[in-house]
Amino acid sequence: MMNDMKQIKHHLTEPLLMGYAAGTLPEAFNLVVATHISMCDDCRAALVEYEAVGGEVMLDAEPVDIAEDALAATLAMIEAGTGAPTTGPVRTKNSVFPGPLQDYVNGDIDSLKWRKVGGGVSQLVLNTSKDASVRLLRIPAGTAVPDHGHRGTELTLVLQGAFTDEEDRFGAGDVEVANEDLHHTPVAEDGMDCICLAATDAPLRFNGLVPRIAQRFIGI
Amino acid sequence: MLTEPNALTKADVPHVIAGYDDGHTKRVRGTGIKQLNTEATAKRMAWVVQVNAVRDDKDRKAFAELFGYFAPRVKSFLMKSGASPDLAEECTQEVMATLWNKAHMFDPAKASVSTWIFTIARNRKIDILRKQRRPEPEDLTWGPEAEPDQADAIGLQQETAQLGQALATLPAEQRQLIERAYFGELSHSQIAAETGLPLGTIKSRIRLALDRLRHAMK
């Protein structure tokens, strides 16, 4: 996949990997984490470590009583075939959308129902639990996303192309983790449209009046 | 190499561990908790043998032993994550049934049985308690899986045993923060509100605890 295309420079943070391992993140963040891990062997290896810590934390937990017939009930469940493994959804290789993202979008870049959000930028909001939101952003080559700050945490994972902001350059596979301290103006590089997967647990805060008004209608 | 699916049997474990010990004592000698803990590793290898017995022979006795040890801990994890006792009981039975059904997917060179069962329980927690879809990374694509190498498997089990010991010897305060981050439906900021510690302190203490765990693994 993307692994051999470019060196990934910007990785997931410790709290994100730990939260994914523990199962405590909002679904929108889990999607960004799972998508990045599909592109990044370093973070995949790190996740295994956080899961191992989780296993040891579980072993350390004070055991609680289980029902007297629990073993018999479980064996009965096994015999009845409930919970037998099912095959997951079909995923294609070498798509701009890694496997976990394919489970959330119906189609490829050019067949999706993008909605224009101004300045040439389009978005597609994906359906997840309401504690956070996640969208695909399509930023035409050379275009800037309006300057904005954040109330909560924003994760931006580049799937195709690249953008540059006040912090650094972010290419395919790179993830930028922004909090309320960061005000940035991402600009897509020339050459090809930049496709990003962006999740946030609070509404973005745009700095200009017009984007702020637009925000009320487009739901960023 | 594990050339036969059932090559490793219970009787082999002490011998296998002893053999591993002979070859690797130099690396781990005299370093406190880094010392090779044959007993803890043997316990983990015994779990591996039990999972393999479930996979190959649908061995109910091996399953009952795994059940007796893990089910009360899985249930505890689910209750601490916010499940009622009844729901936790139901989920625990489903987690243990998944262990039976997916025993062929367990790879002792990649995970300890404790890690594997934890991820099954975590997934069940997201499905049932949080009622969310669960995005999963792509599988790695490098061809059919080779039979796990026995030395790799023992090495991984030994490392995880060390991790468990390192966790148990963390200062109580750090261990509790790690536990709450994994168990609770609590974000770092909620822990901050509850403990009265500033958020920055919590994050740096969790980081310190993880650094200690990493150091213990070296």
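Guide: Let us begin with a sheet of chain A in this predicted model, in which 6 strands are arranged in the order E1-E2-E3-E10-E5-E8, with antiparallel pairing, to form an open sheet.

Visitor: What makes E1 and E8 of chain A the edge strands?

Guide: Strand E1 (115-116) and strand E8 (175-178) of chain A each pair on one side only, and these are therefore the edge strands, where pairing requires at least two bridges between two strands.

Visitor: How do you know that E1(A) pairs with E2(A)?

Guide: The cut-off is at least two bridges, and E1(A) is joined to strand E2 (residues 122-125) of chain A by 2 bridges, so the two strands count as paired, and they run antiparallel. Within this pair, Lys116(A) has Ser122(A) of E2(A) opposite.

Visitor: Which strands does helix H2 of chain A lie across?

Guide: H2(A) lies across strand E3 (133-139), strand E5 (154-160), E8 and strand E10 (194-200) of chain A, and its angle to E10(A) is about 140 degrees.

Visitor: Turning to the two chains, why is H3(A) called roughly perpendicular to H5(B)?

Guide: Helix H3 (residues 41-60) of chain A packs against helix H5 (residues 113-129) of chain B at about 90 degrees, the axes being 8 Å apart. Since the range for roughly perpendicular is 65 to 115 degrees, that angle makes H3(A) roughly perpendicular to H5(B). Among the residues making the contact are Gly54(A) and Gly55(A) of H3(A), and Phe118(B) and Arg122(B) of H5(B); by class, the contact comprises 5 nonpolar, 5 polar and 3 charged residues.

Visitor: How many residues of each chain are in contact with the other?

Guide: Contact involves 46 residues of chain A and 51 of chain B. On the side of chain A that touches chain B, H3(A) gives the most, with 11 residues, and the residues of that side divide into 26 nonpolar, 10 polar and 10 charged.

Definitions and conventions. Residues are numbered from 1 along each chain as its sequence is written. Chains are lettered from A and ligands numbered from 1 in the order in which they are written. This is a predicted model: local features need pLDDT of at least 70, side-chain atom pairs count only at pLDDT 80 or more; totals for chains, interfaces and linings use all residues. Axes are lines fitted to C-alpha atoms, for helices over the stretch in contact, and angles run from 0 to 180 degrees between N-to-C directions. Helices (H or I, at least four residues) and strands (E, at least two) are DSSP runs, numbered from the N terminus. Angles under 35 degrees count as roughly parallel, over 145 as roughly antiparallel, 65 to 115 as roughly perpendicular and the rest as oblique. Two residues are in contact if their C-beta atoms, placed from the backbone, lie within 7 Å. Ala, Val, Leu, Ile, Met, Phe, Trp, Tyr, Cys and Pro count as nonpolar, Asp, Glu, Lys and Arg as charged, and the others, Gly among them, as polar.
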